[in-house]
Amino acid sequence: MIKKGRGMATVYYPTGFSGGGDPDIVSLRIKTDGTIDMTNASCEMGQGFKSVAIQMAAEALDVPPSIFTIDNTNTDTAAFSMDTAGSRSTYIVGLAAISAAEDLIKKIKEFAAASLGAAPAELKYEAGKVFKASDPSAAMTLAQIGAASTYSGTSIMGGGGFLPPPGPPRDPETGATVPTRSLAWGSTVIDVEVDDETGVVEIVNLYDCYDIGTVINPLMAEGQVDGGDIQGISMGLFEDLSPYFPKTLDVYASNFTDYIIPTFMDMPRHSEIKFVQSHDPFGPFGAKGCGEMVTNTQPPAIVNAIYDAVGVLVESLPATPEKVLRLIEEKKKAE
Amino acid sequence: MNSVGKRIPRYDGIGHVTGRTQYVSDVAMPDMLTCKTLRCPYHKARIKSIDTAEAKKAPGVYALITKDDVPHNLFAMVPDHHVLAEEITRYKGQNIAAVAAITKEAALDALAKIKIEYEELTPIIDPEEAIKDGAPQVRPEGNNHMFDGSSVIRKIRRGNVEEGFKEADFIIEGRYSTPSQEHAPLETCCSVAYVDASGKLVIHSKAQGLYFAQGDLANVFKLPLNKLKFVGGTIGGGFGGMNSIHTDHIAGLLALKTGKPVRFHLTREEEMLYSTIRTPWVFKFKDGIRKDGVITARRVEVLHDCGSYTELGLYAVEKNANMIAGANLIKNLAVDSRMVYTNKMPSGSMRGFGVNVGQYAEQVQLDRLARAVGISPIEIRFINAFHTGDPNHTGNPIAAASTIETLQGVAAMSGQQLSDKYLAMSSEK
């Protein structure tokens with residue numbers, strides 16, 4: 001018989017390396033037509049790093065994202081990145097991009113000062129234009145600055161970085177330290193159907209409500225959440241490389257026939273995503289890390305939902321049909 | 001804001017969906033050699049002798065390397081992992097020797113000609129057995145990691161748990177465990193390495209952190225950073241697996257040795273059997289809870305099975321310890337974490353990294369507490385939620401908390417009625 005159940009989970013997740021101290025650097029260079037080369041060696045692995053990095057640099061320079069190119073391709077030309085891990089890239093590259101943009105604006109003003117006949121401090125920068133505060137008609141665009149600086153042999157490159165402050169040494173007795181200043185938060189509700197004759201669990205509804213601070217690009221963030229849901233469901237229901245562990249590591253899965261990962265058939269029948277956007281006081285434009293937390297709520301929410309449906313508690317992941325069925329049978333025997 | 005918050009399409013999305021994006025697996029070069037490695041068939045063994053003379057003479061072989069050919073045979077974030085195995089191997093599939101040959105078949109034929117004599121040793125697989133005195137030793141320093149150089153226990157202490165348990169109306173215990181898990185990226189690990197016209201070693205890499213890998217392997221190759229270039233930055237999935245090096249080191253060594261481009265591409269089977277994984281965890285909770293739903297004390301014992309080398313296991317334990325008590329204000333808390341080495345693949349990073357495994361345990365335990373008290377799952381989460389300004393379990397103040405707001409949000413989405421009391425709550429006190 002199909003039994004319905006509902007479960008939930010609430011999590012939080014640190015942004016950046018534990019203990020801080022993981023810097024990134026961004027460079028911004030104006031080309032002769034006013035378009036901008038951005039560099040930072042973070043990795044694009046599906047999460048949308050390049051799009052989000054450009055959006056934050058564009059925001060900091062108050063110009064459209066379409067005028068950017070980004071180079072993250074190698075260690076000879078792309079500015080330093082500590083790693084692409086720990087839900088850190090949006091946050092740390094974003095702060096580095098803001099710093100690089102400030103540096104670029106300062107250098108633009110220094111270069112334009114001579115042409116516009118004013119001291120750098122008398123100039124204002126807005127939306128890709130630098131102009132005299134007292135006479136906005138005395139102005140130069142990024143294209144004019146890019147051409148004039150390059151063809152006069154002047155280098156204009158904005159560089160900036162960000163270092164999350166390293167936490168104090170951990171107290172060995174109490175564990176006191178500062179692992180991170182910024183945390184993302186989230187709650188998920190999952191409705192399941194459990195077949196008590198086969199132990200098969202199906203995800204019916206999945207509701208995620210996450211706070212990743214300001215959402216820099218909702219398309220990318222929703223993509224992360226959808227992917228996280230699938231990976232979380234997979235951890236909850238399917239993935240186990242060595243099912244006979246800890247007795248033995250054999251038989252060990254070595255292919256996707258023995259090692260089950262979800263397909264479209266395993267997606268929730270219905271899922272919804274909502275972001276509540278608290279403003280992180282430290283993050284770029286109020287953003288927090290997103291990448292990892294979105295894969296954390298599903299396993300406990302599923303296990304809690306299974307309990308709600310059939311009254312058995314899966315105390316070791318994953319909640320395979322075999323495991324669920326054995327628990328149901330044990331429960332029946334005990335009753 | 002004009003850019004931030006906008007649904008701007010993916011910068012390189014068209015390339016991905018039309019097949020124009022070049023991944024490492026797509027990189028091909030003229031005269032490129034294929035690398036295959038000899039892997040240890042036992043969970044633990046002593047290599048008594050190894051004779052590569054015949055294999056080196058096999059047709060199509062350009063180079064064959066063992067540990068003696070590695071300038072510095074240690075790598076990884078905590079550099080205790082051997083590029084090619086030393087006398088004692090620690091996990092099934094550990095690389096012992098590597099061949100670069102003109103074809104995959106020639107490479108495999110050469111590997112078959114290596115004469116190697118093993119003494120199979122008793123492995124230890126179960127982390128709860130491995131921590132015991134007298135367990136077979138995984139590494140010379142002992143199976144237990146010594147935190148701060150002196151303690152097998154990594155502690156968190158807040159308040160007084162014994163006093164907290166006295167205040168409780170119920171004491172609830174639970175034990176939870178998580179298995180070994182594979183990252184399962186679409187693109188398996190691949191490196192293409194060559195020496196460029198200036199004599200620089202160039203490695204097309206799947207690394208999630210190009211500079212991270214470059215810094216690590218500069219030590220292995222003993223090369224300055226202007227003689228070692230990593231190329232990549234767009235990969236077919238990582239999920240943390242590509243924070244560890246699986247092929248870059250060996251491909252690079254063979255490119256240096258042969259002067260030719262060398263490709264080392266793991267098969268799906270190799271990726272699943274022999275690369276880093278999310279290794280197992282065991283969590284034991286003992287909680288005290290009052291009738292009103294307030295958690296008065298929590299004691300957690302954590303055991304992380306790190307596998308055979310440290311890789312990112314230690315980092316995962318640190319992150320886990322700080323987060324294991326969950327998004328709840330708990331005044332009396334004791335966390336005791338241990339990390340133990342066993343004869344399985346090393347503990348890599350994997351999305352959710354040390355945290356999600358603990359959150360599975362903690363969130364299932366939290367529902368157990370709610371049932372004991374007779375309140376709903378959502379109520380116990382509201383009652384114990386962190387607020388902005390509360391001290392985290394590590395003592396530092398929490399900024400921009402929003403457990404309460406996400407609970408209110410998810411309740412509305414899923415059609416759960418909340419009482420006025422919970423609707424009026426806020427993370428700002």
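Biologist: Which strand of chain B does B:Tyr62 lie in?

Modeller: Heads-up, this is a predicted model: local features need pLDDT of at least 70 and side-chain atom pairs count only at pLDDT 80 or more, while totals for chains, interfaces and linings use all residues. Residues are numbered from 1 along each chain as its sequence is written, chains are lettered from A and ligands numbered from 1 in the order written, and side-chain values use heavy atoms, leaving out hydrogens and water. Helices (H or I, at least four residues) and strands (E, at least two) are DSSP runs, numbered from the N terminus. On that scheme B:Tyr62 lies in residues 61-65 of chain B, strand S3.

Biologist: What relative accessibility does B:Tyr62 have?

Modeller: The scale calls a residue buried under 20% relative accessible area, exposed over 50% and partly exposed in between (1.4 Å probe, protein chains only). B:Tyr62 counts as partly exposed, its relative accessibility being 44%.

Biologist: How far apart are the C-alpha atoms of B:Tyr62 and B:Ala100?

Modeller: Contact here means heavy atoms within 4.5 Å. Not counting residues up to four places away in sequence, B:Tyr62 touches B:Leu33, B:Ala100, B:Ala101, B:Ile102, B:Thr258 and B:Lys260. B:Tyr62 and B:Ala100 are 38 residues apart along the chain, and their C-alpha atoms are separated by 5.7 Å.

Biologist: On to the two chains. Which residues of chain B lose the most area to chain A?

Modeller: The contact draws 123 residues from chain A and 107 residues from chain B. Buried area is the accessible area (1.4 Å probe) that two parts lose on being put together, summed over both, and here it comes to about 9200 Å², with 57% on carbon and sulfur atoms. Three residues of chain B top the list, together giving 9% of what that side buries: B:Tyr11, B:Tyr211 and B:Arg351.

Biologist: How many salt bridges does the rule find across the interface of chain B and chain A?

Modeller: Side chains of opposite charge can pair when their charged atoms come close. The rule asks for a side-chain nitrogen of Lys or Arg within 4 Å of a carboxyl oxygen of Asp or Glu. B:Arg7 and A:Glu222 meet that way at 2.8 Å, N to O. Across the interface of chain B and chain A, the number found is ten.

Biologist: Which helix of chain B gives the largest share of the side that touches chain A?

Modeller: A polar contact is a pair of N or O atoms within 3.5 Å; within protein, one must be able to donate a hydrogen and the other to accept it, and residues adjacent in sequence count only if both atoms are side-chain atoms. Between the chains, 59 residue pairs are in polar contact, both residues at pLDDT 80 or more. The largest share of chain B's side is ten residues from residues 355-373, helix H10.

Biologist: Why does the pair of A:Trp185 and B:Phe386 join two chains?

Modeller: Rings of Phe, Tyr and Trp (its six-membered ring) pair if their centres lie within 6.5 Å; planes under 30 degrees apart count as stacked, over 60 as edge-to-face and the rest as tilted. The whole structure has twelve aromatic pairs over all chains, and A:Trp185 with B:Phe386 is edge-to-face, at 6.4 Å centre to centre and 75 degrees between the planes. The pair joins two chains because B:Phe386 sits in the loop between helix H11 (377-384) and helix H12 (403-413) of chain B, and A:Trp185 in chain A's strand S9 (residues 183-195).

Biologist: Which residues make up the aromatic cluster with A:Trp185?

Modeller: A:Trp185 is buried at a relative accessible area of 0%, and B:Phe386 is buried at 0% too. Their cluster is A:Tyr12, A:Trp185 and B:Phe386.

Biologist: How many residues apart in sequence are the parts tied together by A:Arg88 and A:Asp22?

Modeller: A search of the whole structure gives 44 salt bridges over all chains. In one of them A:Arg88 meets A:Asp22 at 2.8 Å, N to O. A:Arg88 is in the loop between strand S4 (68-71) and helix H2 (89-116) of chain A, and A:Asp22 in the loop between strand S1 (2-14) and strand S2 (24-30), so the separation in sequence is 66 residues.

Biologist: Last one: is A:Asp37 buried or exposed?

Modeller: A:Asp37 forms a salt bridge with A:Lys31 at 3.2 Å, N to O. A:Lys31 counts as partly exposed at 32% relative accessibility. A:Asp37 has a relative accessible area of 14%, so A:Asp37 is buried.
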